[in-house]
Structures are given as structure tokens and as C-alpha cells.
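This report covers a surface patch, a salt bridge and a pair of helices. Please look at the sequence and the structure before reading on.

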Amino acid sequence: MRTLICTFFLVSLIGATVGSAQTIRLEFSDTPVSEALETYARHTGVDVVHSPVLVRSLRTSCRYRGTSKRDALICIMSGHDFRVEPISSNQAVLIPLSSTVRRNPSDANRVLTGFVRDAETGESLRGAHVILPGVGAGTTTNEAGFFAFPGIGEQPVSVAITYLGYSRLDTTVVSRAESGTFPLVPVAFEVAGVVVEEDAERRADAIITPGLVSLSGRELQQMPGTLGNTDVLESLKWMPGIQRAGEATGGLLVRGSGPDQNLYLIDGAPVYHPWHAFSLISTFQTDTFKDVSIYRGAFPAEFGGRLSSVLNAQLRDGSHSDASATLGISGLNASFIMESPLSKRSSFMLSGRRSYIDRIIGRSHPVEDDFGRKDTLRTGYHFYDWSAKYSFRPDARSSVSISWYSGRDALDLRLPFDLSLDFSSWLRPADLFFEVDQEWGNRILSTRYQRLLSSRLFLTGTLFYSRYRARENALIRPSQASRVASAYRVDLEDTGARVVLDWYPSLSHQVRFGAEAVQHRFDSGIDARIAYTPTLVEPLEEASRTQAAEVSLFIQDTWSPGPTVRVLPGIRASWFGSEPFLRVVPRLSVQWAAEPTWVILRAAASSHVQYLQRIRDRNAYLYDLVSSRWIPAQADAPPARSRQVSLGWESHGIPRTVLHVDGFVREGSGTLLPEDNFQSKNGLLGPGIEVATLLGQYDRGEERSRGIEVGTQTRTDRWLIMTSYTRARSENRIAASPKASFRPARFDTPHAFSVVLSFRKARWNLGSSVDWRSGYPVSVPTARYQLEDPVSGEATWYFHRPTINNGRLPYYLRVDIQGAYRFTFADASWSTGLSLYNVLNRRNVTSQSWDPSVPGGRPENRLGLPILPMIDVIVDLQ
């Protein structure tokens, strides 16, 4: 006897009849099912998506009178072998219960393919969810917006496509030789309607790896920023398991990792230092990206080279329809973005950003004292970004894009040596002074070619160049007779190629495999002179140059053994350096949609390798102040490794709300830890910049972390509410000391909680965010002792610190609020906003220090930023 399986959990399918229990009257006698479903839709307002081919020969006889939409549909489909899957409160999908659908023998060679694109701009949409309701199959689009369903017959097939921020597309197509284009129409978030809200849930069904967060450009723009700036990396910190190191500055910390264990990619090219303004804001401008994905912990075999996470960002292609420009100014910088079609097949995007604090306070300050002495002091600092992308589609099966990014920070100071907190005393001629000329930045160039080689094979080829460069020049005159001059440089270049093939052998398998080759070049040098007297000069001239090749191969398969189970096995093999190092690491992720609305379970186990690690000299203050010094793996510093197991549960049972819970256990080895945690940069020259010398200041370490992450996201017509809580511990120890116990890591945070509120109505956008977490660990001295110089007899006090990170800073709490008003003026769309950073004016303690010469042992607190108001103005020119 045939049965009907209906998964109507919650009232999310059609149970929204509460409040208005309208009576439903249906009566059918040997009526075609398709006709009965149309009648049902007219009476209930519930659209049942189905394949006309599969129900063409089916008929139904039933009589129903009542108020339950669920029971009415059961009455119609009773006795037919179908499963009903809820899509939203006014939509459902009929899926055949039998996995063996009748097809012609020639159907195995037919493939339904297509590209999903933005209907207005023509940009490809990565991660769109494509469903074949009549077949019971689904997939997500790749980077080119491409999808494929092999083995689809010549009969018409119903296709449903969803993507957050776009209207749902329901259509019927026939598989053919040429790929079709499926345009999705953007819909503003504040437009009422269930479809836009439910799209997020449909995308979540396709996520296999636990910990993956995918955000479109529209979602990123809803996230709160910092100091009036919308920022991709700042937006990600509101996700469970992701934090910023420090208050408003510092890199990303993902699941207890270090800031250097994250891989940042822009159109396939790595970025080694993605921060501006001493890590206050990132190089990732929200408006320039069409989508961003971050893998927290376990990531697929196609990615490698880091232990903790991968952030994969795609620049906007540029509009293929209309030209537009957006201008903006905030409390920190001014920016613009423009895009336009160049022809029917090509388009471009160009954006720029620059800070202007140096234009306000001035870069040069001529000064003169009462004695007529003149001098020119300097207080210059600025940063800038340039991003550009050119996209060209030679034909319907291929595309070419060229992406470019360049960003730089520059600091230029000349000030008196004896500075005080009285800023008015700075601008005066001085015999004793210091000069600083520093700059650091990134530059990348990426060329990507994508082509549909056949209906089952898609090629993506990428050539990229990435360069990180830093310069630190200093001139210090601490006395009339002494003088210090130093010039230090750091360069890291990557030149690489990557080839990825997507193969679609059947409906249950999507195989991705490829290869990557990268040539790393490392170059650093210093030329310093310390003149103690005019005749006593100590020089330091050193240069360090090395290079290493890295070759990687990977293969992974998205396997669907059943309609509710997806498995992603993979393996990655990599070869590095001249030693050489050969590492093979497996990856495995599993998803089981036990009940598509209430219970989506995910699990993953993975192993990762990192060949490059970031260190800096811990002795001299003449170099490695702002530079990031990356070193390759070698015999005395083998590659670092990590292993992670994670479990996740996701639910959409509560209307308009997504709830997810993830747990993870992570351990690593081979990471570099400071040999002396209490060593401070208090010398001039230090031991030198050779890699072997720097490695002498570090030891190989072991690390481990574990935690539970809970997050919710509620989206209505006007509200976005996000909450995040993480309970985690992160510890490490020196591997050479087997008896040493694990200690809290530098950024160990047992508890972290955040809330994001966003409200949109008519012309107003209002928002607030709360960030609370435990204080970072700190090493508190337990005693102090005194040693006397045997020659001079001078006594010096020292601290006794037997345990590292045995204390903790006070908890951190910050509340920000934002508001913006939109209006039209002079044929342009305007938005003006006000944001208040740290509205409670709570000066959080960011660090503590102790002076051994002061009795009592009370620490000196370093406080964070006070309340800061910021105003921004955005003009959108169409």
C-alpha cells in the first residue's frame, strides 16, 4: 500500500492558519492531480511546486471540509508515492518517494546545465541553491554561477532557484545542448514577503561543512561596522567562534587559533596583511565584494596552507546593464565605487578609498621658538586602497576576468624625543628628535578563465601574483653626540597558477579536482648605524633571501547517497621547499537532513598543514615594528600541523529564525611560540634578521582548543537580530618541555557573547551591537626580588613569574549604536548616518604592566578608546 510522507514540522509549511481559521471545502471525484492542486492553491494560497510529467497520469478522489491546510493536501495526495517538502509558509514541493524514476536509456547522456545570474547587473551568483522538485535533487552553483544535473531526460523539468536577497525563480526547462541563463531579480530586504526571508534557509541545506559561513554583498551591508566603516572582517566577528584580537585592532581569531593561521583570498590570490590603520580596519571593503565565504576550522580539500580558517572573497564583476557610481565619506576615510558595462559582453568595476586625517591636521608643521630657531616637524599618516575588475564573456560557455588590488599605509613622523601628553609641546624646535618613515601594503593581480568544456566538465584556471612589502626607516637623536639611523625592508612575493575542474558524472556525484603551483620569494634586509660618539660607530648590515616552491594536488567529491544525506570526502597532497616536505592530509564532511526543517546535522574531521609562519624580532625596536615577517618551513622549523573534529546542528523550525549549534575539538603541533614570553623590544640592534637568528627566539609548540558555539539569526520584513555565544578554551605549551603543562594561550577567551540588532523602515536604518567577552590572559608576578651589582653596588628589582598567563584582564564590554537616513536629492540617492562607538564610554582594560621598582604590585592599566561619534555620508549616482 502506497503511503504519503509529509514533513510539515512547525507551521512553516502551511500551518500559518492560526489567527484566521478559514474553512476549506474540497471535493474531487476521479480528478487529475494537477487540476486538484490548482484548485487547492486557489482555496488555500499555498503553491505546490511539482513536475507536471510525474503527475500527468495521476488522479485523485477525496472530500475534505475543515481548517487544516495540511490535512487538505494529505487528502489530495493520499495513495500516491510522493513526499511533500515545505519551502515556506505558502509554498511546498512534491518529491517522488521512489528513487527509480522511469527514464529512457538515452537520458543518462543528457545533462541539464545553466548559469544563475543577477537580473539587473548580470553578475554570476555563487552559492545559489538549485532544486529539481520532481527529481528530488539539488545543488549549489560554483564560482561562475554554474550548475549541472546529469541524467535528466528530455521531458520538461521543474526548476526552483533561490538566493538570499533575490526573488525565488520557479520555471520549467528541458535539457539541451546549450546551457541556459537563469536571472534572479534582486529584492530589497525591507520588502514584505516570505520568499526573501526563507531563501536563507534553502541555501543552508546545501552547506555540508560545519562552521562554513557564506555572506552575500547584501548581507554584509546589513552588518554593523566600526568607527563609521562597513568592513568585511569586522562583520565576520559577529559570527560564533570568530573574534578580533584586541579592542578595535588586531587580526581574526578563529576557534582559538592565532591571527597568522588564517588564509585570506581575493579572487584566488592570497593577501598576507589584510589590515589598515594598525589593524583598525581591513583591506576588505564591503561594497567591493559580491560574496564572501569563511570556513571555520574544517575546510574542504581544495583549500590548504593554513591551520585555522579560509576566507574566500570574490570582487564584484561590474554591472553588465547600467552604469552607476557611489561616493562615501566617513570619520576615517573617503571612498568611491563605480561600475559600468563596456560592451554587451564586458564590464568593469573600480573602487578607491583613502584616509584624510593627514589632510586635516597637516603633514608638515614649520615651527619656531623664542630664540628664532626654526624646524619642520611632520605628523603624516594615511592609507589607501584601489580595487578594479574587468570581466569579459567571449561566448555563452566561457568568461575571463582580471582583478587588481593595491593598498598601502604610510607613516611619516618627525617629533621631539622627549614627548609628553601635552600635545601643544610637540610642535617646537628640538635638538633631540626622532624621525620615522614607515610604509607597508599589499598588491595582487589575478587573471581567471572559466569555460564549460562539456556538459559535464567545467574548467576554472587562475594565474595570480601577490606581493607584501614593508619599509621601516628611522632616525633617532637621543643626545647631542649620539645618533641612530636604520633602514629595514621586508618583501614577500607569490607567483602561482591554479587549475580546478568540476566534473558531474551523475546526479549523486559532483567531483572537484585540481592542482596549484606557487613560487614563494622572501627578501629582507637592514642597514643600520649607531653612532655612540662621532668616532664610535656600530654598523649592522644584513640581508636574507630565500625562495620555496609549493605544489598541491587535491580531489573531493560531493556525494549524495540519498535525498537527505550528503558526504564530502577529499584528500590533499602538497610538496614544499627544497628539503622537501611531502604531506598528505584527508578531509571528510557529512550532512544529514534528518528533518529538513528541524534537524540538519553536520560532522567533519580534517587535517591541515601550514608551511609559512609569521614571526618578528623580539629584541630590537629599530625593526619589525609594523612589518609581518613570514618564514618558510625548513629543517629546524618543520611545517605546522593541526587536526580538528567538529559537529553541528541547524534548525529552521522557529518561524523566520535559524538556530545553529557547533562543537569542535582542535589540536596542533609545530607552531612557533616565543622562547621568552617576557622579552620586550628594549634594545637597538638586536641579534640580527637572519632566519636562523630569529628562530633562536622561538620554540616549537603544541596547541589545543575546544568549544561550543551557539548562534541565532532572525530576519523579518524590517528586523535583523543576530546573537552569538561561544564557550571555548585555547591552550598551548612548548613541545621541548614534555613535563610542562598546557597554559592559556595569549587570546584565550572562555566566554564571548554578542548581539546585533538592525531595523529598517521607510527611509530609516537603525542598529545597535553589543560585544561582551572574558578578559585576555595576563602574566601576573607573584613576587619580586632584588639583585645588587657586585661592582657598582647598585640594586635592581626583578619580578618572579613562575607561571605564564596565570591571571586575566577584566571583562570586555562595548555597545555601539548606528542610525542612517535615506533620501533623494538632485537626482541621486543619499544616505547620511551617525554612529557612536562605545556609547557607554566604558574604558576597557586592554593590557596591564607592572613596575618592579614600585612596591605593592598594583598594575598599570592601558585603557581602550572612549566614546567616539562618527558621521558618514553616501551618495549613489545612477
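## Nonpolar patch

Isoleucine 402 is found in strand 28; strands (E, at least two residues) and helices (H or I, at least four) are DSSP runs numbered from the N terminus. The model is predicted, with pLDDT of at least 70 needed for local features and 80 or more for side-chain atom pairs, while totals for chains, interfaces and linings use all residues. Residues are numbered from 1 along each chain as its sequence is written, and side-chain values use heavy atoms, without hydrogens and water.

Together with Leu342, Trp386, Tyr390, Trp404 and Leu445, Ile402 makes a nonpolar surface patch of about 540 Å². Patch residues have over 30% relative accessible area and no salt bridge; nonpolar side chains (Val, Leu, Ile, Met, Phe, Trp, Tyr) are joined within 5 Å, like charges within 9 Å. Areas come from the Shrake-Rupley method with a 1.4 Å probe, and for residues only the protein chains shown count as cover.

## Salt bridges

There are 44 salt bridges in the structure, each a side-chain nitrogen of Lys or Arg within 4 Å of a carboxyl oxygen of Asp or Glu. One of them joins glutamate 339 and arginine 316 (2.2 Å, N to O).

## Two helices

Helix 1 (residues 33-44) and helix 3 (residues 69-77) have axes that come within 10 Å and cross at roughly 170 degrees. Axes are lines fitted to C-alpha atoms, for helices over the stretch in contact, with angles from 0 to 180 degrees between N-to-C directions. The two helices are therefore roughly antiparallel, a term for angles over 145 degrees. Residues in contact (heavy atoms within 4.5 Å) include Tyr40 of helix 1 and Ile76 of helix 3.

Note on methods: Angles under 35 degrees count as roughly parallel, over 145 as roughly antiparallel, 65 to 115 as roughly perpendicular and the rest as oblique.
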